[in-house]
Amino acid sequence: MVTGAADPVQIVSRRMIKPPSDSEEAVNIHLTPWDLRLITVDYIQKGILLLKPPAGGVGERLVNTLASSFGRALGKFYPFAGRLVVEHHDGATVAVVLQCTGEGAEFIHAVAPGVAVADIVGSIHIPSVVWSLFPLNHVLGADAATESLPVLSAQVTELADGVFIGMSMNHSVGDGTAFWEFFKTWSEINRGGVDLREVSTLAPVHQRFFVDTSPVPICLPFSKLEDVVRRFERPMVQECFFTFSAANIQKLKARANSETAATVAISSLQALLAHVWRAVSRARRLPQGQETSHSLLIGCRGRVKGIPQGYMGNAVVFGKASSTVGEILHKGLGWTAWQLNRAVASFDEAAMADWLDRWTREPDFVYAGGKSFGGAAVATGSSPRFDVFGNNFGWGKPVAVRSGSGNKMDGKVTVFEGGERGGSMSLEVCIAPDALQRLVADEEFMNAVSL
């Protein structure tokens with residue numbers, strides 16, 4: 001049903017929503033190495049698709065209600081209404097600070113009457129209009145500091161027969177856990193009109209974690225923050241959304257574990273990611289001797305002492321498995337999953353503390369682009385543990401989840417819990433168009449796909 005209009009999504013209004021006046025007083029939050037190294041990537045962009053609310057609950061009434069609950073949620077997550085500010089030190093270094101001044105988070109109302117729910121979920125192929133359902137497209141974290149942009153922005157788009165709620169959050173301000181904790185708080189407030197003290201989400205901990213040897217603030221060896229930024233030409237990519245039932249994932253897990261030593265315990269996620277890594281390598285038609293890698297996120301909550309579950313800063317690191325294309329194709333699913341298992345198991349708390357200390361003297365940054373990312377690499381983001389489908393805003397659970405254009409490079413895989421929950425998972429796979437065409441025709445890969 002998507003119309004032929006140049007831009008099927010039209011912005012109706014923009015406003016800056018401030019947290020309640022009784023929110024915690026303004027403070028400065030100094031960013032950690034985990035935060036700062038992500039200031040060079042795009043905003044986190046995730047959103048949920050909902051059916052249209054009952055008659056009487058649409059239009060301005062719906063938008064105003066959502067804006068009100070959005071503001072109340074900011075009362076619990078008040079730093080998200082702040083601004084990133086650059087501090088210059090001695091003319092040769094800069095520090096980046098999150099100032100919790102309560103200037104507000106952006107709230108956008110948009111309409112797309114020519115777009116239907118079926119246009120978004122009716123095919124495994126993701127239509128390009130989905131990227132227009134998110135604000136702050138292709139904005140880097142550092143841009144927020146140099147251009148005084150909001151660190152959080154939400155866009156509510158009314159579709160022909162549904163509503164899409166998309167949110168963009170500066171990745172240097174928080175990770176996926178922080179993102180979905182805010183989303184869950186927002187939906188719970190909107191659904192039940194509860195007091196902030198009654199919401200079921202974790203009590204957020206906004207104070208940052210630093211090792212004892214770390215300077216605070218951390219000064220970067222640049223005369224201006226713009227020197228940190230690298231902008232790459234965005235590659236031509238296409239996306240598909242694959243859902244795997246709990247039963248099919250269990251089959252992959254059982255197969256992977258049967259192909260590995262008894263002392264190795266391959267998880268459901270590791271088996272699924274090994275499955276997609278092998279399939280993408282086949283679809284790319286890479287030479288057998290070419291090196292390929294799969295990077296995945298390792299959470300530090302529960303792995304690093306001093307970081308509580310409610311920690312709202314970034315608390316993730318990258319693990320990386322590498323091999324040749326021939327090895328992962330010929331040694332099987334179990335061996336490939338074992339490489340991912342080893343990457344996760346190699347996490348060492350003492351080594352991480354050393355890295356945090358060393359980063360303050362030798363900073364390095366993540367760049368989601370360039371030749372090192374695409375071509376032969378796969379990188380998985382997000383987590384199936386995020387309670388995406390629990391975000392009921394008051395008129396039913398989400399129909400689907402999708403992500404925006406942020407950090408969409410050749411080889412990006414985004415993992416979500418599946419709509420049926422109970423162990424099901426979904427993968428949003430973003431690769432070159434010709435490779436994606438071969439991937440969806442790959443019988444071995446598609447046999448495990450349920451939707």
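Predicted model: local features only at pLDDT ≥ 70, side-chain atom pairs only at ≥ 80, totals over all residues.
Colleague: Take arginine 234. What does it form a salt bridge with?

Modeller: Its partner is aspartate 42, and the closest N and O atoms are 2.7 Å apart.

Colleague: And where do arginine 234 and aspartate 42 lie?

Modeller: Arginine 234 is in the loop between helix H5 (176-192) and strand S9 (238-244). Aspartate 42 is in the loop between helix H1 (33-36) and strand S3 (44-51). The two are 192 residues apart in sequence, so the pair ties together those parts.

Colleague: Is aspartate 42 buried or exposed?

Modeller: Aspartate 42 is buried, at 3% relative accessible area. Arginine 234 has 33% relative accessibility and counts as partly exposed.

Colleague: Next one, glutamate 349. Which lysine does it form a salt bridge with?

Modeller: Lysine 305, with 3.5 Å between the closest N and O atoms. This pair also links distant parts of the chain, 44 residues apart. Glutamate 349 is in helix H10 (residues 349-359), while lysine 305 is in the loop between strand S10 (291-299) and strand S11 (316-324).

Colleague: What is the relative accessible area of lysine 305?

Modeller: For lysine 305 the value is 66%, and the residue is exposed. Glutamate 349 is partly exposed, at 28%.

Colleague: Which residue does glutamate 417 meet in a salt bridge?

Modeller: Arginine 421, at 3.7 Å from N to O. Glutamate 417 is buried, with a relative accessible area of 10%, whereas arginine 421 is partly exposed at 32%.

Colleague: Which residues do shared partners join into one network?

Modeller: Arg255, Glu259, Arg278, Arg282, Asp442 and Glu444 are joined by salt bridges that share partners.

Colleague: Changing topic. Where is histidine 109 found?

Modeller: Histidine 109 sits in strand S6 (residues 105-112).

Colleague: Buried or exposed, that histidine 109?

Modeller: Histidine 109 counts as buried because its relative accessibility is 3%, and the cut-off for buried is under 20%.

Colleague: What does the side chain of histidine 109 make a polar contact with?

Modeller: The side chain of glutamate 158, at 2.8 Å.

Colleague: And which residues does histidine 109 touch, not counting those up to four places away in sequence?

Modeller: On that basis histidine 109 touches Gln10, Ile11, Val12, Ser13, Glu60, Val63, Val156 and Glu158. Glu158 in that list is the residue whose side chain makes the polar contact with histidine 109.

Technical notes:
Residues numbered from 1 in each chain as written. Heavy atoms only, no water. Salt bridge = Lys/Arg side-chain N within 4 Å of Asp/Glu carboxyl O. Helix = DSSP H or I, 4+ residues; strand = E, 2+ residues; numbered from the N terminus. Buried < 20%, exposed > 50% of the residue type's maximum accessible area, 1.4 Å probe, protein only. Polar contact = N/O pair within 3.5 Å; in protein donor to acceptor, adjacent residues only side chain to side chain. Contact = heavy atoms within 4.5 Å.
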